[in-house]
Amino acid sequence: TRLAANPRFGLSLVTANFRLMKQLVDQLERCKSWTPARRLADFLLRFAESDATGGAVVRLPFERALVAARLGVSAPTFSRVLAGLSDLGVTADRSIIHIEDVAKLENFVSDGR
């Protein structure tokens with residue numbers, strides 16, 4: 001078999017599966033213990049394209065309803081949570097999200113408040 005001929009291939013498979021499992025466990029932990037606002041802020045930071053002013057722009061990679069489902073909230077809740085992030089300098093224009101201060105949003109995600 002291929003594994004017997006190349007044990008490093010088997011180790012690579014185990015490593016890749018471990019990484020995937022860790023990502024899924026982390027995602028589950030975020031869904032269960034983080035607030036919807038914190039989950040959304042984290043999601044936005046993952047897709048943020050920084051600018052020279054310390055801000056960023058996020059172009060949603062798919063429809064809002066799919067983003068909401070990924071974050072474990074309904075589409076209306078997603079919209080309310082997004083509007084609630086305005087206190088942190090987050091504004092939306094359809095599928096384009098503007099982040100005024102990336103560091104402020106990062107602090108919110110790391111502190112949870």
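Select β1 and β2: two bridges join these strands, which run antiparallel. Strands (E, at least two residues) and helices (H or I, at least four) are DSSP runs, numbered from the N terminus. Two strands count as paired if DSSP finds at least two bridges between them. Strands of a sheet pair through backbone hydrogen bonds, either parallel or antiparallel.

The model on screen is predicted, so local features need a pLDDT of at least 70, side-chain atom pairs count only at pLDDT 80 or more, and totals for chains, interfaces and linings use all residues. Residues are numbered from 1 along each chain as its sequence is written, and side-chain values use heavy atoms, with hydrogens and water left out.

**First stop: β1 and β2**

Within this pair, select E49, whose bridge partner in β2 is V57. Next select S50, which stands opposite A56 in β2. The hairpin of β1 and β2 has five residues between the strands, and there G54 takes a positive phi near 90°.

**Second stop: the rest of the sheet**

Now display four strands together: they form an open sheet in the order β1-β2-β4-β3, with antiparallel pairing. The edge strands are β1 and β3 (90–93), each of which pairs on one side only.

Continue to β3 and β4, which run antiparallel and are joined by four bridges. A92 stands opposite I97 in β4. The hairpin of these two strands has two residues between them, and R94 takes a positive phi near 60° in it.

Which residues lie on the covered face of β4, and which on the uncovered one? I97 and I99 form the covered face, whereas I96 and H98 form the uncovered one. In a regular strand the side chains alternate between the two faces of the sheet.

Select α3, which lies across β1, β2, β3 and β4 (96–99) and runs at about 95° to β2. Axes are lines fitted to C-alpha atoms, for helices over the stretch in contact, and angles run from 0 to 180 degrees between N-to-C directions.

The contact (heavy atoms within 4.5 Å) is made by P36, A37, L40 and L44 of α3 with F78, V81 and L82 of α5.

How many salt bridges does a search of the whole structure find? The search finds two. A salt bridge is a side-chain nitrogen of Lys or Arg within 4 Å of a carboxyl oxygen of Asp or Glu. Side chains of opposite charge can pair when their charged atoms come close.

For one of them, select R46 and D42, whose side chains meet at 3.0 Å, N to O. The two residues are four apart in helix α3 (residues 36–47), so about one helical turn separates them. Is each partner buried (under 20% relative accessible area), exposed (over 50%) or partly exposed (in between), as judged with a 1.4 Å probe on protein chains only? R46 is exposed at 52% relative accessibility, whereas D42 is buried at 13%.

For the other, select E49 and R59, whose side chains also meet in a salt bridge at 3.0 Å, N to O. This pair links distant parts of the chain, with E49 in strand β1 (residues 49–50) and R59 in strand β2 (residues 56–59), ten residues apart. E49 is partly exposed, with a relative accessible area of 45%, and R59 is partly exposed at 46%.

Select A69 in helix α4 (residues 64–71). A69 counts as exposed, at 53% relative accessibility. Its C-alpha lies 38 Å from that of R8, and A69 and R8 are 61 residues apart in sequence.

Finally, colour the chain by pLDDT, the predictor's confidence in each residue, from 0 to 100. The protein chain averages 89, and 96% of the residues score at least 70. Confidence is lowest in helix α1 (residues 2–5), at a mean of 81, and highest in β4, at 96. Where pLDDT is low, the predicted coordinates should not be read in detail.
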